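Walk me through this model, please.

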Amino acid sequence: MTYAIDVRGLTKKFGNQVVLDRLDVTVPTGSIHAVLGPNGAGKTTFINVLTTLVRPDSGTAAVGGSDVVARAAEVRRRISVTGQNAAVDDVLTARENLTMMARLLGLTRAESRVRTDELLERFALDEAAKKRVSTFSGGMRRRLDLAISLICRPQIVFLDEPTTGLDTRSRRTLWDEVQRLRTEGVTILLTTQYLDEADALADEISVLDRGRVVARGTPAQLKAQVGSDIVEVRNERGVLVHELHTDGTPRDVIDVLSASGVQDAGIVTIRRPTLDDVFLAVTSETGSRHDGARATREVAS
Amino acid sequence: MTTIEMGTRRVPPAGNADLVFIDRSIRHSLRDGEGLLMAILLPVFMMGLFVYVFGGAMSFAGDEGYVSYIVPGIIIMCAGFGASSTATLVAGDLQTGIVDRFRTMPIRGSAVLTGHVVASVLRNLVATTVIIVVGLVAGFRPSADPLGWLGALVIITVYITTITMLFAAIGLVAGSIEAANAYGFVLLFLPYLSSGFVPVDTMPSWLQWVAQYQPITPVIESIRSLLMGGDAGSDALVAMIWCAGILVVAIAWSSVTFTRKAGRR
Ligand SMILES: Nc1ncnc2c1ncn2[C@@H]1O[C@H](COP(=O)(O)OP(=O)(O)O)[C@@H](O)[C@H]1O
Ligand SMILES: [Mg+2]
């Protein structure tokens, strides 16, 4: 099996703080891998190591078959990165941003123009092409950012929290683009704080917590650990009194409600499991291998 | 569809990234309306201040007149202000994360600094031209031959490049726009403690020592000699040695800092 990304025992410390702790992650070529974790879990650091920005302290990481430390130049020719904050040039227009990056990558003037037009259209930025990026909405910036990443048809694309802070519609658009990229054979590693995002996009998920992979598997496998849906029962004052696992079918909802012995179901809601639920499930299972403090963690909402 | 294959990239010619970044920084300069206005108004304002407000009290300059005396000082002072924006621009690029994006591309990431430095040199040469024109209107009477002008231009350009590089290093070290502004302030004070506006021997003796041996004095002295048709002699040599030394330190400092700051914001 060849992996587009092959990480073994990767460790990174900042001072005394172990930010990445012996990570093993493998991503088959052409698949989407999501790294799911709360703020401070080490997601950005992980991407920084894989994209040659930060040197690991120990362990190895190969991207496209090349070691990220020893053969950084080769790695850089195959990847592109969309960072956590859209790294675009605010003073320039969308068109100028794309053309500048295309020229940097060695395309001729004519090629840059053609590629810029293609990407502006693909990301629905053609109307705003001549506007300065400083006037763009968050969603437009993200789209431009991703468009820039695709100028040279990278083999492996890294997306660091690509939809954090976006409205639902922009989020959908971005998801569509990510899926489209996969159909073009691109390998994608993305980070996210949202289980539904990992669920919608990823072939495989690594759950990262304080620098450790605490769970991994397909979305279905992970959700199986939580139960697919959760029934919340609140009393008249809106205080949560029960949380019950269900497969989401009406029959099962009624069954679990009756079985739970709830007397006065004030407000009943059914919701999808969130990152919090996965964390609670995952850490209660692996709790014996961790120190006790890990069971009561703070989870970003 | 273009003819570029999936994942393949042509190797661009050497210096390609530098040219692209120079183009970028010039666009930035031209779009910064406030900055451009300042680059032109500051020289005019400074000339006005020194010639019409302080000038009346300055009788030491003799036949050549105070205007002719201060033109080099004003040029160097304005170059300091003009170059200081480089610190802000470099810090801004680090802050937005665009530099980290450049670093993940198959280019020499530090070429982004080349763009900032070249644009700063061009902006400041425009400001220098404004100063000379305003000076001529206000009574500046240079007597340099073409070779003298050329010599002055070389020294001015070298000085602008040096101080710009120093501000670029400050911008890298500061890492945030606000800090970059604060650190750069000290450098802007140096021209006042030189022979730019009054002869060194009119200062108290401890200050004379500072003024005599700081790098800006030989730079100003050599420009003044060249513009007034004289021979810059050892001043030019000392000025060039200072600039070369500072330039080497600034470049080394920048490249160390640039590497160290990868992936940090
Ligand atoms: N350059 C750095 N120096 C010191 N500590 C850092 C640095 N970068 C990140 N960290 C720390 O590493 C941890 C993980 O950060 P990060 O990778 O940004 O997490 P995430 O992207 O998941 O929010 C945090 O505690 C953060 O403070
Ligand atoms: Mg992050």
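From the N terminus on, chain B runs α-α-α-α-α-α-α-α-α-α. That comes to 10 helices and zero strands. Elements here are DSSP runs numbered from the N terminus: helices are H or I with at least four residues, strands are E with at least two. The radius of gyration of chain B is 20 Å, close to the 18 Å of the globule rule for 265 residues, so chain B is as compact as a globular protein of that length. The radius is taken over C-alpha atoms, and the rule is 2.2 Å times the number of residues to the power 0.38.

This is a predicted model: local features need pLDDT of at least 70, side-chain atom pairs count only at pLDDT 80 or more, and totals for chains, interfaces and linings use all residues. Residues are numbered from 1 along each chain as its sequence is written, chains are lettered from A and ligands numbered from 1 in the order in which they are written, and side-chain values use heavy atoms, with hydrogens and water left out.

Along its principal axes, the C-alpha trace of chain B spans about 75 × 40 × 35 Å. Buried residues make up 50% of its 265 residues. Buried means under 20% relative accessible area, exposed over 50%, and partly exposed in between, with a 1.4 Å probe and protein chains only. Now take the contacts, meaning heavy atoms within 4.5 Å. Of those in chain B with a separation of 6 or more, 79% join residues 24 or more positions apart.

Where does B:Pro199 lie? Its place is the loop between helix 7 (177-189) and helix 8 (205-213) of chain B. At 17% relative accessibility, B:Pro199 counts as buried. Leaving aside residues up to four places away in sequence, B:Pro199 touches B:Phe60 and B:Tyr69. B:Phe60 is 139 residues from B:Pro199 along the chain, yet their C-alpha atoms are separated by 8.3 Å.

Next, the metal. Which residues coordinate the magnesium ion (ligand 2)? They are A:Thr44, through OG1, and A:Gln84, through OE1, at 1.9 to 2.3 Å. A:Thr44 lies in helix 1 (residues 43-50) of chain A, and A:Gln84 in the loop between strand 6 (79-82) and helix 3 (94-104), so the pair ties together parts that are 40 residues apart in sequence. Donors are N, O and S atoms within 2.8 Å of the metal (3.2 Å for Na, K and Ca); water is not among the atoms, so sites may look incomplete. A:Thr44 is partly exposed, at 26% relative accessibility. A:Gln84 is partly exposed at 29%.
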